[in-house]
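Q: I have a structure open and have not looked at it before. Can you walk me through a few parts of it?

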Amino acid sequence: MRNLLFAAFFDHQDSLKRFLLRRLGNAALAEDLTQETWLRAASANAAPIGNPKSYLFRVAANLANDHLRRARHGIEVQGRDDIVPLYADLRPSPEQQAVDRSELQRLLRAVDALPPRAREVFILAKVHELSHAEIAARLGIARNTVMVHMANALAQLHRHLKRSED
């Protein structure tokens, strides 16, 4: 189930940020709550989720509502950017860093296992953030072909990550 959530988060991360930006009007806060959405969704021990995308957007909406409620009641604590680093260690724990590195390595192995054209389309879309039309123009292929390669890449990544999790 976690791989389905990860795939949905990976696919809809930009949409989640835009959704939160519209709700909150603050790009940095939208970015933070997008990451918090993944942390909450990944750590939840919920029953199987029928629609991972809807679930992620519901988690994001709840986080935004919680933030707005705290801010409205003056509960939100703001620290000055020049002082907070003196007192708070904002880095992930060594254990979390190790887990994150391991997850990243799993993902990189899965991307490396993709067929060359699917890998190229995936990287252009997800790393370089090009649209399907831009990828099609760059590679000299039809936009629909880009969409097929992307769908195949995502399906293969999902299968690879599911196998390596088991």
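Predicted model: local features only at pLDDT ≥ 70, side-chain atom pairs only at ≥ 80, totals over all residues.

Q: How many residues line the largest pocket, and which lie nearest its centre?
A: The lining has 25 residues, and Phe6, Trp38, Asp100, Glu103 and Leu104 are the ones nearest the centre.

Q: What is the lining like by class?
A: There are 15 nonpolar residues in the lining, along with four polar and six charged ones.

Q: Switching topic. Where does threonine 34 lie?
A: Threonine 34 is part of helix H2, which covers residues 27–43.

Q: Is threonine 34 buried or exposed?
A: Threonine 34 is buried, because its relative accessibility is 0% and the cut-off for buried is under 20%.

Q: What is threonine 34 in contact with, leaving aside neighbours within four places in sequence?
A: Its contacts are Phe9, Gln13, Leu16, Lys17 and Leu20.

Q: Lysine 17 is on that list. Which residue does lysine 17 form a salt bridge with?
A: Aspartate 14 is a partner of lysine 17, with 4.0 Å between the closest N and O atoms. Both residues are in helix H1, three residues apart, so about one helical turn separates them. Lysine 17 is partly exposed at 23% relative accessible area, and aspartate 14 is also partly exposed, at 36%.

Q: Which residues make up the network of salt bridges there?
A: Asp14, Lys17 and Glu31 are linked in that network.

Q: How many salt bridges does a search of the whole structure find?
A: The search finds seven. One of them joins the side chains of arginine 40 and glutamate 36, at 3.0 Å from N to O. These two are four residues apart in helix H2, so they too are separated by about one helical turn. Arginine 40 is partly exposed at 43% relative accessibility, as is glutamate 36 at 26%.

Q: What about arginine 117 and glutamate 120?
A: Their side chains meet in a salt bridge at 3.9 Å, N to O. The two sit three residues apart in helix H6, which means a separation of about one helical turn. Arginine 117 has a relative accessible area of 33% and is partly exposed; glutamate 120 is partly exposed at 34%.

Terms used: Residues numbered from 1 in each chain as written. Heavy atoms only, no water. Buried < 20%, exposed > 50% of the residue type's maximum accessible area, 1.4 Å probe, protein only. Contact = heavy atoms within 4.5 Å. 1 Å grid on protein atoms, 1.4 Å probe; cavity = no way out; pocket = protein on both sides within 12 Å on 5 of 7 lines; lining within 4 Å. Nonpolar A, V, L, I, M, F, W, Y, C, P; charged D, E, K, R; others polar.
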